[in-house]
Amino acid sequence: MKIYSLLVLLLAVVMNPLVVKRETANVKPETWNLKPGTGDRQPETGNPIITGADQTEKYLPLLKNKRVAILANPTTVIGKKHLVDSLINRGIKFVKAFGPEHGFRGKASAGAHVTDETDSATGIPIISLYGPKRKPTEADLADVDIMIYDVQDVGCRFYTYINVLRDVMEACADNNKELLILDRPNPNGYLVDGPILDMKNKSGIGQFPIPIAHGMTIGEFAKMINGEGWLPNKKTCKLTIIPVKNYRHDMDYVLPVKPSPNLNTQQSILLYPSTCLFEGVAVNLGRGTRFPFTVLGAPVLKDKYSFSFTPVSIPGMAETPLYMNEVCYGIDLRKYDVSKLRKSKRINIDWMIELYNAFPDKSKFFDRSISKQIGNIDYLAGVSEFKKQIMEGKTVQQIQDSWEPGLSQYKQMRKKYLLYP
C-alpha cells in the first residue's frame, strides 16, 4: 500500500505544472524585430536611442570656459528643451548662433530668405545662413573657440541642411576652428536609393554626387565630406562627433520635433524621399494644406480621381502654393503603409508614373512655365534622364536599373564613413 501511495504521489508531481520546475520559467521571452528588406530577425535590445545632444557628459568638458557658436534650429533639443537654453543654464557661454533654412527658431517658410536677428529668449545674436550669406565669415568666427552643429536631418540630397553642414565645415577649416557635431538618427536611414547626382545638375537642392536618399546621419556625412575631398581645395575640417547611442540605420525613429514646417508628421518624413520629386511637376504635393508631402493632386485630374483637397495660403508653411484655392484631385497617401517602403528599400516612383499617365495634357506635366511654384525636375532627380524616362513610358524596373552602376558604387564608398551598423 505504501509503494502504491508513493507511486501516486510521484505521478501527481510529474503531471502538475505548478510543481514541475522548468528551466525557462524565469526567462523573459525574447522580442524580435523584422529587419526591413530582408528575412532576417534581429533581437530587440530595448535600449533607448540617445542622441548626441543628450549625452552632455561627453561634450560639456569640451565647451567649458570656451566661446561657443552653434548652428541650430527647433530640432536642436535636449528632451523638450532647446539645447542652447539648456546649456546656458549649465554655464556655457554662447557668443552667437547661426540659423539654416527656416531660421534658428524655425519660423520661416521653405525657400524664404531669413534675416539676421537677436534671439528674444536668450539675447544671443543670430546670423542667418539662408539669405545673402551662406557660410560663416572670418569676422563671424573671430571671437569663437568652438562651433557646434546640431540640426536634425532626414537623409535626402535635396534637404538643404547637408549643404549648410558643408559650408560650416569649410568656414571652420578656413579659420582653424573645431566643429563639434552632436549626431542624431536619420529617420530614413534604412534607405539608400535613387540616381547619383550628375554634377551638371548641381543646384541649391543638390550639391553632392550622391543618390536622392543617402542613408547617413549628419556625423557620417561630415566624415564623407572630409574623406571624399568635397571641401574647396580638398581641405579638411577638424571634427569631433558625439555619436548616437543604441542606434542602427534600419531602426524606426520618430522625431520628437518636426524638422521643418512642411515635414510636420512622421508619415510626411517617410514619404518625403519619394514625394518631394513632385516639386518638379504640375502636381500639388500638399503644400497649402496641413498634410504636405502626403497628398498629390491637380485640378485637371478631376475626372480621374475622387479624392480631392484645396491648397490655401498658410503663413509659415506655404504662402502661395501651386493651384491655390483650386480643388485638386489625386492620390491620398496619409494612410499609406510606409512599411512597404522599408521592406522594398526603394524610392516609390510608381506614383510619378501613374499621375503622368493620368494627366490629360502630358505636355503640361513637366511644364515649369505654368507656375513659379514648379521646381526643376532635373535638379530634384539629379539626372536629366528621369524626365525623359517617364515621358517614354519606361517601367519602374528600367528606371531603377539606369541608376547603376553609380548607386552600387556609392553604397560601397559609403561604408568607409559609417558610425552605425
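A: The model is predicted, and what follows is computed from it. The sulfur of cysteine 156 lies 7.3 Å from the sulfur of cysteine 276, the closest cysteine sulfur, and that is too far for a bond. A disulfide is a covalent bond between the sulfur atoms of two cysteines. To be counted here, the two sulfur atoms must be within 2.5 Å. By this rule the number of disulfides is zero. Cysteine 156 is buried, with a relative accessible area of 0%. Cysteine 328 is also buried, and its relative accessible area is 0%.

The setting is a chain of 421 residues, of which 53% count as buried. The chain has 13 helices and 14 strands. Among contacts between residues at least 6 apart in sequence, 72% join residues at least 24 apart. The chain exposes about 19,800 Å², and carbon and sulfur atoms supply 53% of that area.

The buried residues are Gln267, Ser268, Ile269, Leu270, Leu271, Tyr272, Pro273, Ser274 and Thr275. Their cover includes strand 12 (295-298), helix 8 (339-344) and helix 9 (350-358).

Next come the charged pairs. Side chains of opposite charge can pair when their charged atoms come close. A search of the whole structure finds 14 salt bridges. One of them joins lysine 96 and aspartate 143, with 3.0 Å from N to O. This pair links distant parts of the chain, 47 residues apart: lysine 96 is in strand 6 (residues 93-99), and aspartate 143 is in the loop between helix 4 (138-141) and strand 9 (146-150). Lysine 96 counts as buried, at 9% relative accessibility. Aspartate 143 is partly exposed, with a relative accessible area of 29%.

Another salt bridge is formed by aspartate 140 and lysine 133, whose closest N and O atoms are 2.9 Å apart. Aspartate 140 is buried, with a relative accessible area of 9%, whereas lysine 133 counts as partly exposed at 25% relative accessibility.

The side chains of aspartate 174 and lysine 135 also meet in a salt bridge, at 3.9 Å from N to O. Aspartate 174 lies in helix 5 (residues 161-174) and lysine 135 in the loop between strand 8 (125-128) and helix 4, so this pair ties together parts that are 39 residues apart in sequence. Aspartate 174 is partly exposed, with a relative accessible area of 37%. Lysine 135 is partly exposed as well, with a relative accessible area of 29%. Salt bridges that share partners join Lys135, Glu170, Asp174 and Lys235 into one network.

To return to the opening question, the 7.3 Å between the sulfurs of cysteine 156 and cysteine 276 is too far for a bond, and the count of disulfides is zero.

Methods: Residues numbered from 1 in each chain as written. Predicted model: local features only at pLDDT ≥ 70, side-chain atom pairs only at ≥ 80, totals over all residues. Heavy atoms only, no water. Buried < 20%, exposed > 50% of the residue type's maximum accessible area, 1.4 Å probe, protein only. Helix = DSSP H or I, 4+ residues; strand = E, 2+ residues; numbered from the N terminus. Contact = heavy atoms within 4.5 Å. Salt bridge = Lys/Arg side-chain N within 4 Å of Asp/Glu carboxyl O. Areas by Shrake-Rupley, 256 points an atom, 1.4 Å probe, with all protein chains shown as cover.
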